[in-house]
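Here is a walk through the charged side-chain pairs of one protein. Have the sequence and the 3D view open as you read.

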Amino acid sequence: MTSGPGQTAAAIAARRQQTQDKLTRVEKAIGQLRRERGRLAVRAIAERADVSPTFLYENSDARALVQQAVVDSKSRHDRRTGEKHDQIEASWRELALNAEAELTRTQNEVLVQRQRIGELMGQLRDADGMVPGEAVQHLTTENTTLKRRLQQVTQEHRKLQERLEGARTNLRFSDKRIAGLEVQLLELQQAAPASAPVRG
């Protein structure tokens, strides 16, 4: 049984329509995966579009759609990673700056309290034989109070130093982690350049 020109043309038209239907499903699947933030890989797209991975490899239009989707996905991921890095860095830098400002304030207060204690100690030594007993007692009480305050400020100073060191350590760790992620991204981009055929 032979087929005439009309049957051949009909078969070609049917195949073209099938191919166009598949391409439409591929475009729709890519759009859905993007909205769902799904993984834009050949197998995921093929399953969602109900086409074979072979179709995505062999059909030039389908291959171009998949390659462009993967490139766009990587660009969005790179952008999100950069924004997250900026947010983390800004947060840790703000913490470090706040801790340094508080540390400076407590250091200044420690100096002031030490100077005041030194002045009172000098007054106590001068007052031993010159000032009535009540005045000496008043100065002794004030001196004790200032010593306690100095201990409190010194403890605050130590805690702030620990917080500042913790903030700096976290910032260094964050920088190292982000640098590692950037290296991984670069390696992935070099291993699968946009111009290379897509592999599932």
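A salt bridge here is a side-chain nitrogen of Lys or Arg within 4 Å of a carboxyl oxygen of Asp or Glu. Glu165 is partly exposed at 39% relative accessibility. Arg172 is also partly exposed, at 43%. The term covers the range between buried (under 20% relative accessible area) and exposed (over 50%), computed with a 1.4 Å probe on protein chains only.

A note on the source. The model is predicted: local features need pLDDT of at least 70, side-chain atom pairs count only at pLDDT 80 or more, and totals for chains, interfaces and linings use all residues. Side-chain values use heavy atoms, leaving out hydrogens and water, and residues are numbered from 1 along each chain as its sequence is written.

How many salt bridges does a search of the whole structure find? The count is eight. One of them pairs Arg116 with Glu142, whose closest N and O atoms lie 3.0 Å apart. This pair links distant parts of the chain. Arg116 sits in helix α4 (residues 60–127), Glu142 in helix α5 (residues 133–191), and 26 residues separate them. Helices are DSSP runs (H or I, at least four residues), numbered from the N terminus. Arg116 is partly exposed, with a relative accessible area of 30%. Glu142 is partly exposed at 26%.

Now turn to Arg149 and Glu156. Their side chains meet in a salt bridge at 3.9 Å, N to O. Arg149 has a relative accessible area of 27%, so it counts as partly exposed. Glu156, at 32%, is partly exposed too.

Definitions and conventions
Helices (H or I, at least four residues) and strands (E, at least two) are DSSP runs, numbered from the N terminus.
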